[in-house]
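Q: I have not looked at this structure before. Can you take me through it?

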Amino acid sequence: MKSPVIAISALLSATFLLVGCLQSPLLHHADAASKARAAAPRELSQCPLTFSQAGLCASLDWVKMPAEEEKGEFTLRFWNQNQGTANGPYVDPGQTVFVKLFMPAMGHGSSPVRISQVKDNAGSSIPGIFDVSEVYFVMPGAWQIIVQLRNGQQTVDQAILNVEI
Ligand SMILES: [Cu+2]
């Protein structure tokens with residue numbers, strides 16, 4: 001027979017973990033956003049996000065930092081590692097672009113983002129430039145923005161940007 005004490009203790013620690021995650025004393029999103037802004041200066045690297053399998057680089061520029069109750073938005077631009085620069089020419093990555101927000105220390109993600117290819121004034125898609133909106137981090141701390149190139153369900157390549165929220 002199972003000891004009820006063990007069962008209760010397991011339940012208590014599970015509850016404790018949940019509360020610990022939800023009620024972080026650091027959970028002030030306005031503050032988090034200003035910290036993130038300070039921690040994420042313009043990336044000067046030649047290849048801020050490196051997709052080694054695909055031979056691509058990408059840059060990530062915030063359009064709007066996420067703040068309390070306000071979702072953020074950023075722009076992804078892809079170029080050929082050997083032929084382009086951060087200023088272009090931008091190229092279609094040739095796979096489906098997928099973005100995942102992940103908090104590695106706690107092993108959880110956040111709500112899904114929305115990704116759309118940026119269009120010109122005539123309504124045609126501009127190759128290699130994507131708008132990523134509805135970017136929301138459920139709590140402050142160390143997060144990863146994981147940019148994946150997918151072929152169906154399969155992740156062909158990925159690059160990770162660490163952000164402190
Ligand atoms: Cu967490």
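**Strands, core and loops**

Q: Where is the place of Glu134?
A: Glu134 belongs to strand β7. Helices (H or I, at least four residues) and strands (E, at least two) are DSSP runs, numbered from the N terminus. Residue numbers start from 1 along each chain, as its sequence is written. This is a predicted model, in which local features need pLDDT of at least 70, side-chain atom pairs count only at pLDDT 80 or more, and totals for chains, interfaces and linings use all residues.

Q: What phi does Glu134 have?
A: Its phi is positive, about 60°, although Glu134 is not a glycine.

Q: And how many C-beta neighbours does Glu134 have inside 10 Å?
A: Glu134 has 14 C-beta neighbours inside 10 Å, so it counts as partly exposed. A residue is buried if 20 or more other C-beta atoms lie within 10 Å of its own, exposed if 12 or fewer, and partly exposed in between, with C-beta atoms placed from the backbone.

Q: Stepping back, how many helices and strands does the protein chain have?
A: The protein chain has 2 helices and 9 strands. Along the sequence the pattern is α-α-β-β-β-β-β-β-β-β-β.

Q: What is the mean pLDDT of the protein chain?
A: The mean is 82, and 73% of the residues reach 70 or more. In residues 6-43 the pLDDT is below 50, and this stretch has 27 contacts in the model beyond near neighbours in sequence. For reference, pLDDT is the predictor's confidence in each residue, from 0 to 100, and two residues are in contact if their C-beta atoms, placed from the backbone, lie within 7 Å.

Q: What about β6 and β7, how many residues lie between them in the hairpin?
A: There are 5 residues between β6 and β7, and Gly123 in the turn has a positive phi of about 90°. Strand β6 (residues 114-119) pairs with β7 in the antiparallel sense over 5 bridges. Lys119 has Ser125 in β7 as its bridge partner.

Q: Is Gly128 buried or exposed?
A: Gly128 is buried, because it has 23 C-beta neighbours inside 10 Å. Gly128 is in strand β7. Its C-alpha lies 5.6 Å from that of Arg77, a residue 51 places apart from it in sequence.

Q: New topic. How many residues are in the largest nonpolar core?
A: The largest nonpolar core has 23 residues, and Leu56, Ala58 and Leu76 have the most contacts inside it. β1 (49-51), β2 (56-64), β3, β7, β8 and β9 each supply at least two of its residues. Such a core is a set of buried Ala, Val, Leu, Ile, Met, Phe, Trp, Tyr and Cys residues joined through C-beta atoms within 7 Å.

Q: What is Ala58 in contact with?
A: Apart from neighbours within four places in sequence, the contacts of Ala58 include Pro48, Leu49, Leu76, Val147 and Ala159.

Q: Which strands form the open sheet?
A: The order is β5-β4-β8-β9, with antiparallel pairing. β5 (108-109) and β9 (154-164) are the edge strands, each pairing on one side only. Strand β4 (residues 96-103) and strand β8 (residues 142-151) pair over 7 bridges. In β8, Gln148 is the bridge partner of Phe98.

Q: Last one, the loops. Which peptide bond is cis?
A: The bond from Gly88 to Pro89 is cis, with omega near -5°, and Pro89 is in the loop between β3 and β4. In the loop between β7 and β8 there is Met139, which is partly exposed because 18 other C-beta atoms lie within 10 Å.

Terms used: Two strands pair if DSSP finds at least two bridges between them.
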